[in-house]
Amino acid sequence: MSSVGIGQQAVPKDKVILVIHGGAGTILKSKMTSQKEQAYTDALRASLRAGYDILKSGGKSEAAVEAAIHVMEDSPLFNAGKGAVFTHEGKNELDASIMKGKDGTAGAVAGVTTIKNPITAAIAVMERSAHVMMMGDGAEKFAKEQGITLVDPSYFYTQERWDALQRIRKENSKAVELDHSDKQSVVKPEWKDEKFGTVGCVALDSNGDLSAGTSTGGMTNKKFGRVGDSPVIGAGTYANQQVGISCTGWGEYFIRNVAAYDVAALMKYKSFSVLEASKEVIRKIGEMGGDGGMIVLDKEGNVALPFNTAGMYRGYITESGDVKIEIYKE
């Protein structure tokens, strides 16, 4: 594969078939130890390989998305699943969504507290119900009926996330904090970003079908049942027959801009490339005061990974198995 910077157009002769993100925000090399950097790199690589193995064996794109996201949901490094942050009440509330580009079917769960892998529950909503989104106790009851793995809420406890909640309560009980911060300040009422830990994946299978999925633990110290963009189809996740998108960032701004769908619309109605469309949407979000990033993959295997923060955990794998992983701004 010819040299190509991540976030640029992929080389068509070795098209990208799976792309992931693990959050965007104040991710600075100066604040990262070599051990932690290696841990993130290893986890991202494992996620890519899990999805890639599904695709190379002839599996469907939605199965590859599930496998890749499972790896990140099971890791305490990311704000999804095991590594989810705590709400003001000291709970872990998780959201996830998935959409298939082939037929436009979608599924999502929001505010769940006992589902080990929310992306699997979102897929069950998509495939085994007449609905698109389920929330809270109802989503968990549905997941139990479907035989999806449930866990005691204590499973999601990690010391780092708990300490983050205690710190922000002490500094400003009314503030919230987005994941991946430098731990020096909190998000004030102006909602200025520090770091986001949402995870996501877009996959392209051998039939040419795209699927996109996103999973998150939300914001540290969030209140009032707040839900961000991750489970909202068209905001945090979107896929059609042309392109798939998964977003990470300041959810309120991604919802207001219908960010994921806007990328697809620019490609359809203005014939923008994946890079042009995604950069334009991130630009608009930035102009409004929002931060974050997204991963975008089209049916030809072209990829873009724009963000307007200091870094974004991101990577892709090509049809031949070449892996590209990056964390910081280029």
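Q: Which residues in H1 meet which residues in H2?
A: Ala-43, Leu-44, Ala-46, Ser-47, Ala-50, Gly-51, Ile-54 and Leu-55 in H1 meet Ser-61, Ala-63, Ala-64, Ala-67, Ala-68, Ile-69, Val-71 and Met-72 in H2. Contact here means heavy atoms within 4.5 Å. Helices are DSSP runs of H or I with at least four residues, strands are runs of E with at least two, and both are numbered from the N terminus.

Q: And by class, what does that contact have?
A: The contact of H1 with H2 has 13 nonpolar, three polar and no charged residues. Ala, Val, Leu, Ile, Met, Phe, Trp, Tyr, Cys and Pro count as nonpolar, Asp, Glu, Lys and Arg as charged, and the others, Gly among them, as polar.

Q: Before we go on, where do these values come from?
A: This is a predicted model, where local features need pLDDT of at least 70 and side-chain atom pairs count only at pLDDT 80 or more, while totals for chains, interfaces and linings use all residues. Residues are numbered from 1 along each chain as its sequence is written, and side-chain values use heavy atoms, with hydrogens and water left out.

Q: Okay, at what angle do H1 and H2 pack?
A: H1 (residues 34–56) and H2 (residues 61–73) pack at about 160 degrees, with axes 8 Å apart. Axes are lines fitted to C-alpha atoms, for helices over the stretch in contact, and angles run from 0 to 180 degrees between N-to-C directions. H1 and H2 are therefore roughly antiparallel (over 145 degrees).

Q: New topic: how many residues are in the largest nonpolar core?
A: That core has 48 residues, and Leu-18, Ile-20 and Phe-78 have the most contacts inside it. A nonpolar core is a set of buried Ala, Val, Leu, Ile, Met, Phe, Trp, Tyr and Cys residues joined through side-chain atoms within 4.5 Å. Its largest share, seven residues, comes from helix H3 (residues 118–128).

Q: Is Ala-122 buried or exposed?
A: Ala-122 counts as buried because its relative accessibility is 0%. Buried means under 20% relative accessible area, exposed over 50%, and partly exposed in between, using a 1.4 Å probe and protein chains only. Ala-122 lies in H3 and touches residues including Ala-96, Ile-98 and Val-109.

Q: Last one: how many helices and strands are there in the protein?
A: There are eight helices and twelve strands. Of the 330 residues, 60% count as buried.

Methods: Parallel < 35°, antiparallel > 145°, perpendicular 65-115°, else oblique. Lists of a residue's contacts leave out its neighbours within four places in sequence.
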